[in-house]
Every structure is written in C-alpha cells, then in structure tokens.
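Welcome! Please take a look at the sequence and the model below, and then we can walk through a few local features together.

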Amino acid sequence: PASFEFPLPFALSNLPAPPALLRTVTARAIAPRLGLTSTQVDFGSRVISKLSKTLHKETLVFSNCDHLPLRWAVAAADQPHFASGVFQVTPDTGVLQPGQEAEVQVSFTPTDPVHYSANVGILLDRAEHPYTTLRLQGLGIAPMLIFEPREVILPLVPLGVVSKATFTISNVGYDNLDLKYRLPADTQVVPLALNFPEGTTLSINKPKITVEVSFNSKKSMAFSALIDFFDHNATRFSLPVTGVADNCLLTTAPLLMSLGNPAIQVAKPTSAPQWIPPPEMLPPPPAVDGAPAAA
C-alpha cells in the first residue's frame with residue numbers, strides 16, 4: 001500500500017497556467033482482499049465432443065490477502081453457458097483463512113463450433129456487488145484432419161518412371177478413426193496410387209501417420225487432382241495433388257541433370273529422343289538357372 005499526491009496544471013496553448021486551473025491529484029493504493037493468479041482464462045481453440053464430454057481445464061489459485069476470514073462465491077446463476085455446462089468453476093464457493101490459498105478449476109466443454117465467452121462476478125462475504133470479475137472465453141472447433149504439406153507436388157518425371165512423394169495426416173479431435181479415402185474417379189487418366197506404411201488408423205495414441213502417393217504414366221500428361229479422405233461421419237477432407245510426366249528434354253531437364261550425366265539416345269533421325277536410365281534406376285536382371293540372382 002502506498003499514497004501518491006501531485007499537482008496537475010491545466011493551461012491554454014502558449015499561455016501560462018493560472019492558479020485557478022491548478023488541481024492536486026491524490027491516490028492511495030490498498031492491498032487486495034482476494035488475490036487471483038489471473039482474472040482472465042482463454043482456452044483458445046478446443047475440439048467439440050458431444051459424446052465423451054471432454055473437459056478442458058485450467059487451474060486458478062485464490063488467496064486471502066486480508067487479516068480476517070474471507071468467504072467467496074462465484075455468481076454465475078444468470079450465465080447461460082454455466083447453466084448448459086459449457087463453463088464450470090469447481091468449487092464455486094469457499095472460505096479462506098488469513099494467508100490461506102485454494103486451487104479452483106475452470107473447465108470448458110464446447111458443444112458447437114462457435115465462440116463462447118462469459119463474465120462472472122466473484123462475491124466476497126455475501127456482498128451484492130462483485131468484488132472482481134472473472135472473464136472466460138474459448139472457441140469450439142469440429143474434429144479435423146490436417147495435411148502436411150497442404151498440397152503435394154509430385155516430382156516431374158519422364159514417361160514410364162514412377163514419381164513419389166510423402167505427406168502426413170494429423171488427427172485433431174478424433175478418439176479413434178479408421179481412415180477412408182477416394183482417388184480421382186478415372187485412375188486410367190490420372191494413375192495415382194496410395195501406400196500407407198503405418199496403416200490407416202488414427203487415434204489419441206497415434207495422432208499422425210505417413211502416406212506415400214505415387215504416379216506413373218506412359219503418355220505425356222499434366223494433372224491437378226484431389227484425393228479425398230473421409231471420417232466416420234463421411235466428412236470430406238481434400239488434398240490437392242499435382243504431377244507431370246513428359247519425355248521432352250526441356251521439361252525433364254531438372255531431373256536429368258540431377259542424375260549426374262544422363263544418357264540420351266536417338267534411335268532414328270525422325271524419332272523422339274529416348275532417355276536411358278542410369279544403372280541404379282534399372283530393375284535387376286532376371287536370374288539364370290543355376291546362378292544366383294544379382295544383388
């Protein structure tokens with residue numbers, strides 16, 4: 001606690017301040033009766049869960065800073081979000097002895113994907129007016145799948161060469177989910193394939209899986225397509241995928257140059273150039289009877 005006093009002059013621009021416009025300001029700071037670690041609780045974005053009623057909790061500490069016992073209570077009777085159970089304070093009343101502290105849990109259980117807020121008063125010694133206000137807020141969000149990266153761009157490849165890329169799917173809010181997916185309708189036109197080396201199940205203990213997408217075309221093409229993933233409610237989450245396959249040297253130059261010193265041959269003067277893959281990209285030769293297969 002401390003006291004402050006200082007003069008506050010009022011004056012017109014470029015003129016001296018007359019004595020009549022000089023006022024003295026006094027202030028006195030007093031110790032609080034009730035101490036709170038915070039008067040604001042922001043739960044941020046929380047996944048809604050109508051089935052399991054998942055609680056998101058924060059803990060506050062109430063302390064008696066007075067020299068007398070202090071009775072406190074949360075005045076939330078007129079708050080609709082408390083009546084519906086979205087916000088809860090436990091315990092909502094108590095008595096603190098001088099210097100005593102008590103932990104109070106504030107919980108948030110969103111039921112819809114909307115923003116929630118509530119201002120509740122803290123009453124002391126059964127007073128009619130709140131001593132202080134506890135401000136609560138949080139955002140309910142629906143369960144979702146998150147892709148990383150958000151768009152897959154497959155490496156540009158010559159014809160007949162498999163192009164591959166990997167991405168991850170993260171689980172946000174699902175207790176247990178067996179992932180379903182749908183490739184583009186005409187896989188003959190857009191020959192995409194998926195591989196799940198870690199399986200298709202997402203859960204609380206397995207929040208992320210890695211997926212491999214591949215593309216192999218024997219004719220020149222460029223495409224942009226969507227791969228759709230579905231949860232148990234048939235909610236769709238789409239991942240854009242882009243790929244190019246071409247035998248044009250100008251198009252495939254970045255890949256060919258990355259292989260070191262690629263070999264190009266022309267069978268006939270009137271034919272298109274043909275790319276000769278390096279030995280490490282060729283399949284192993286077939287085994288000869290009586291001889292071991294090549295490593």
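## Ground rules

Residues count as buried under 20% relative accessible area, as exposed over 50% and as partly exposed in between, using a 1.4 Å probe and protein chains only. This is a predicted model, where local features need pLDDT of at least 70 and side-chain atom pairs pLDDT 80 or more, while totals for chains, interfaces and linings use all residues. Numbering starts from 1 along each chain as its sequence is written, and side-chain values use heavy atoms, leaving out hydrogens and water.

## A nonpolar surface patch

Leu8 sits in strand 1 (residues 2-9); strands are DSSP runs of E with at least two residues, numbered from the N terminus. With a relative accessible area of 35%, Leu8 is partly exposed. Together with Phe6, Phe10 and Leu21, Leu8 makes up a nonpolar surface patch of about 350 Å² accessible area.

## Aromatic pairs

There are 12 aromatic pairs in the structure. For Phe82 and Phe87, the ring centres are 6.2 Å apart and the planes lie at 40°, so this pair is tilted. Pairing requires ring centres of Phe, Tyr or Trp (its six-membered ring) within 6.5 Å; planes under 30 degrees apart are stacked, over 60 edge-to-face, and the rest tilted.

Phe82 is buried at 15% relative accessible area, and Phe87 is buried at 0%.

## Around Met144

Met144 lies in strand 12 (residues 144-148) and is partly exposed, at 28% relative accessibility. Leaving aside residues up to four places away in sequence, Met144 touches Ser170, Asn171, Val172, Tyr174 and Phe237, where contact means heavy atoms within 4.5 Å.

Key. Patches are made of residues with over 30% relative accessible area and no salt bridge: like charges are joined within 9 Å, nonpolar side chains (Val, Leu, Ile, Met, Phe, Trp, Tyr) within 5 Å. Accessible areas come from the Shrake-Rupley method with a 1.4 Å probe; for residues, only the protein chains shown count as cover. A salt bridge is a side-chain nitrogen of Lys or Arg within 4 Å of a carboxyl oxygen of Asp or Glu. Helices (H or I, at least four residues) and strands (E, at least two) are DSSP runs, numbered from the N terminus.
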